[in-house]
Amino acid sequence: MHDTNESAAGRLAKSRLRCGVRAAAGFAVLAAALALAPLPGRAEGFLRAQGQRIVDEQGRPVILRGVGLGGWMLQEGYMLGLTGPGMQHAIRARIADLIGEQDTQAFYRAWLDNYVTKDDIDALAAWGFNSVRLPMHYELYTLPTAQEPVAGQQTWREDGFRRTDELIAWAKANGMYVILDLHAAPGGQGNDLNISDRDPSQPSLWDDAAHRDKTVALWRELARRYRDEPAVAGYDLINEPNWGFADVGDKHGCKETGNAPLRELLVRISAAIREIDRRHMLIVEGNCWGNNYRGVLDAGLWDDNLVLSFHKYWNGTGRDSIAEHLALRERWNVPLWLGETGENSNDWFTRTVATVEGEGIGWANWPVKKLRYNNPLQVITNPGYEQVLAYWEGKGPRPQRAQAREALLTLAGRDVRFEHNRQHPDVADAWLRAPHDDRSLPFKPHGIGRDGGELAAADFDMGRNGVAYFDHSAANESGKPNADWNPSQLYRNDGVDLLRDGAGERVRVAMQPGEWLKYTIQAEAAGDFALSWRGNGAGALRVRLNGDALAPFEANQTQRAALQRGRNTLVLEAVSGAPEPATLRLEPAAAQVR
């Protein structure tokens, strides 16, 4: 535990050197694991819509393989572990209640400085992503409508533009594209309050013409600043509108058939941009979280460089799951882009990417990081923040102001930084390599020396369900945001049930008959070994070693296993009961086999 008399900034400076070694090691493992990922040719210059494809200046089709930088400029409660009100203004009020306004301002400065840095972008590019989607909160770029000194005029805030400039520079250094995404529009664009930081006690974007005027003005200013920047792939005009225009009972606009106010605003924004910028793609989203285009296009396309975005969560992954969007593409001869998807298992990610890329459609994973485990990066919080979170969730006492300040500034100044994040190679592999490769790759290196060795059961190979492992419930296609593929939300994000094994973060695997796990093992020398497994649960496992099946055996029993020198493949299958292996052990067979 850190000395509470030392500042968060001071600890950050001291810890960077220590963490650099660990981060570099994790980076190397991840880069090696993704070495077989497909490497698309680098796009050149401005992107544009050409027929049903996005192409570069040479006319070559481009597949955007991206990551949404959610949580950076716009916080959502679930990303911080909150289950209550998740709007950023509500989170900010909770923080101010604990540590006061001055320290709250320091918290948000540190958050913006550290949540996404060049290290994050360098890593994403090294892993194989070629683009990032920037979810913008309008308040970083302009004053709220009610705070304008002169009604109808716009006051620009340079902090948002400066940070956008930095992100674009980081992306350009890596040959990546940036998609500018208005994630929180003035007043808020829907009844899903968290995603746009909407205050339901105030007029929404759709209730106040001044909010719409500000939205149009903001896009005109963004176009003025970035019209000559080819690293900006396009302008995502309004994220996930969700509003019942014709029926207030249709809260999220999923039954809407007209969508006239949405079309009107999209056309206005487009016209304002085109006064200044004729080159950048305009990306539009339908109602119902981006998916309901009924009425939006009925009067025809209003621009010759449009891309239709759709979002996809918690449903099927086959071609039928995007059939409605494919029909739109065919009817209007415009490209599609899966602008936001994720929050599921690795198996779901892989099948989704295989489907959309098979149709020539790019995508952006959501989000880059949060407290939970199913993203490329995971924020590991300090113990003090866990106490703050317990208080907010009604599960613990109110922390003292000094303790809360220390915890929150450590979260924003240290915990969210790339070098302190936990890297999840299995997640990156699921997005980038596994959709195109029927092979599995080691999650971790498993070396067995002449004296034997031990490996964790949870460290099975990376790859698709049915390739690296098999689990009966490998993904969430329920239509609801749950985590049935790994209820413990521990360690990794494959469709395999993991359980905490004692103290700390050790895990064991909960298996049902027919489920199996594959391991790639490197043996120093050929020889006979005694193979055993340790864990909980009554049941038997069977091993297939290099394709040869061994007899089923229970915990603490042994089987003779003949390893070849070099690479070996071991498949562990549950055949009865409910075994929960934690470790596999290989010892020289000179010991008596029981």
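Student: How many disulfides does a search of the whole structure find?

Tutor: A disulfide is a pair of cysteine sulfur atoms within 2.5 Å, and the search finds one here. This is a predicted model, in which local features need pLDDT of at least 70 and side-chain atom pairs count only at pLDDT 80 or more, while totals for chains, interfaces and linings use all residues. Residues are numbered from 1 along each chain as its sequence is written, and side-chain values use heavy atoms, leaving out hydrogens and water.

Student: Which residues form the disulfide, and where do they sit?

Tutor: C254 and C288 form it, with their sulfur atoms 2.1 Å apart. The link is right-handed, with 80° about the S-S bond. It joins distant parts of the chain, 34 residues apart: C254 lies in the loop between β6 (232-236) and α7 (260-274), and C288 in helix α8. Helices (H or I, at least four residues) and strands (E, at least two) are DSSP runs, numbered from the N terminus.

Student: Is C288 buried or exposed?

Tutor: Buried means under 20% relative accessible area, exposed over 50%, and partly exposed in between (1.4 Å probe, protein chains only). C288 has 13% relative accessibility, so it counts as buried. C254, at 31%, counts as partly exposed.
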